[in-house]
Amino acid sequence: MRSYVVGLGGGLAVALVVAAGLAVGLNYIDDSGTAPVVQSERATATAIAPDPTATPTPAATPTPTPTLYVVDAAAELALARPEIEAALAGFDGDWGFHVIELASGAELGINESQNFYPASSGKIILAIAVLRQVEQGIREFQPIQDRYEQMMLISSDEAADDMDALVNENETLQVFRDSGASEASAFPGWRSGWVTPRDLALVWKALVDGMLLNEENTAYLLDLTGRYEMDPIFQTFPVRLNREGYLYGQKAGYNIQNFPHTFVGAGYTLSADFRYGFVAVLILRTDRTAGDTHDQRTRVYPILASHLLPPE
């Protein structure tokens with residue numbers, strides 16, 4: 001997983017490399033390209049016995065080594081479950097949820113096998129399938145790159161229709177198969193597909209782990225998901241994690257044109273040192289409006305962060 005997300009977070013990655021260089025230490029180099037040897041003027045002097053009455057130099061106080069924070073993901077997810085159920089108690093509609101902790105693979109699902117319309121969150125399936133065609137030499141990417149990025153960065157439905165026309169159902173289903181998903185999800189097209197929360201979470205995990213695309217395309221697609229913007233009223237997970245040192249991306253979705261409405265949060269959170277992270281999917285189906293459900297929908301992500309990431 002490390003090699004596939006190194007390209008994310010631009011300046012953050014550069015800063016980490018610079019910091020590592022400084023940690024090694026700097027050596028003064030002269031114009032000749034070699035480090036000068038400094039000869040002490042007292043190098044040949046006769047050793048002088050120490051004064052027995054001199055006050056000894058106190059020993060330096062050792063600096064304690066910080067203890068690495070360890071997440072017991074299975075135990076934390078067991079604690080998180082009743083909190084999530086309480087947060088969504090009384091929700092006016094149906095909902096399904098699944099989270100996978102990246103380091104251990106520990107999972108927690110609630111109604112995770114129920115089928116839902118994924119709305120625009122399903123565009124991540126299209127995005128992967130199109131890049132796989134590029135990798136296989138079936139398609140040139142440059143002629144479609146602008147439309148591809150419109151689909152991912154501003155979630156253009158028209159651009160997604162263009163991408164949909166380029167792939168067939170077997171190619172999109174192969175994305176699910178290669179992610180280890182069940183056969184419950186189907187994807188004849190992004191406007192007519194359906195997924196289970198667990199299957200969509202497995203796709204996100206496989207993407208972050210570099211199992212679905214080559215290294216370059218994995219980094220490229222994850223970078224696009226990290227720059228996705230949407231109106232806060234439709235958010236189910238935050239578009240940005242408000243903590244330093246984390247990489248974050250998603251392809252959210254919502255459908256308010258038809259009843260019942262659908263709201264989806266789906267994506268990944270990963271620390272820059274790759275020690276902590278998770279992928280999560282929450283899908284809700286309701287006749288209530290985006291404003292009516294916003295406060296309740298957005299309670300789940302903070303619970304996950306509090307249990308699966310180190311304290312701030």
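Q: What share of the chain's accessible surface belongs to carbon and sulfur atoms?
A: A word on the basis: this is a predicted model, where local features need pLDDT of at least 70, side-chain atom pairs count only at pLDDT 80 or more, and totals for chains, interfaces and linings use all residues. Residues are numbered from 1 along each chain as its sequence is written, and side-chain values use heavy atoms, with hydrogens and water left out. Accessible areas come from the Shrake-Rupley method with a 1.4 Å probe; for residues, only the protein chains shown count as cover. The surface of the chain comes to about 16,200 Å², and the part belonging to carbon and sulfur is 53%.

Q: How many helices and strands does the chain have?
A: Helices (H or I, at least four residues) and strands (E, at least two) are DSSP runs, numbered from the N terminus. Counted that way, the chain has 11 helices and 6 strands.

Q: What fraction of the contacts with a separation of 6 or more joins residues 24 or more positions apart?
A: A contact here means heavy atoms within 4.5 Å. With that cut-off, the fraction for the chain is 69%.

Q: Is α4 roughly parallel or roughly antiparallel to α5?
A: Helix α4 (residues 123–135) packs on helix α5 (residues 145–153) at about 155°, with axes 10 Å apart. Axes are lines fitted to C-alpha atoms, for helices over the stretch in contact, and angles run from 0 to 180 degrees between N-to-C directions. Under 35 degrees is roughly parallel, over 145 roughly antiparallel, 65 to 115 roughly perpendicular and the rest oblique. So α4 and α5 are roughly antiparallel.

Q: Which charged residue takes part in the contact of α4 with α5?
A: On the α5 side, the contact is made by Tyr148, Met151 and Met152. Ala, Val, Leu, Ile, Met, Phe, Trp, Tyr, Cys and Pro count as nonpolar, Asp, Glu, Lys and Arg as charged, and the others, Gly among them, as polar. The contact has 9 nonpolar, no polar and 1 charged residues. Ile124, Leu126, Ala127, Ile128, Val130 and Leu131 are on the α4 side, together with the charged Lys123.

Q: How does α8 lie relative to α9?
A: The axes of α8 (residues 197–208) and α9 (residues 215–226) come within 10 Å and cross at roughly 125°. That makes the relation of α8 to α9 oblique.

Q: How many polar residues are in the contact of α8 with α9?
A: Trp204, Leu207 and Val208 of α8 meet Thr218, Leu221, Leu222 and Thr225 of α9. By class there are 5 nonpolar residues and no charged ones, and the polar count is 2.

Q: How many of the 9 residues of α11 are buried?
A: The buried residues of helix α11 (residues 300–308) include Tyr301, Ile303 and His307. They pack against several elements, among them α3 (73–87), β5 (261–271) and β6 (277–286). Helix α11 is largely enclosed by the rest of the structure because its buried residues number 7.

Q: Is alanine 119 buried or exposed?
A: Alanine 119 is in the loop between β2 and α4 and has a positive phi near 55°. Asparagine 111, in the loop between β2 (107–110) and α4, also has a positive phi of about 55° but counts as partly exposed at 40% relative accessibility. With a relative accessible area of 2%, alanine 119 is buried.

Technical notes: Buried means under 20% relative accessible area, exposed over 50%, partly exposed in between (1.4 Å probe, protein chains only).
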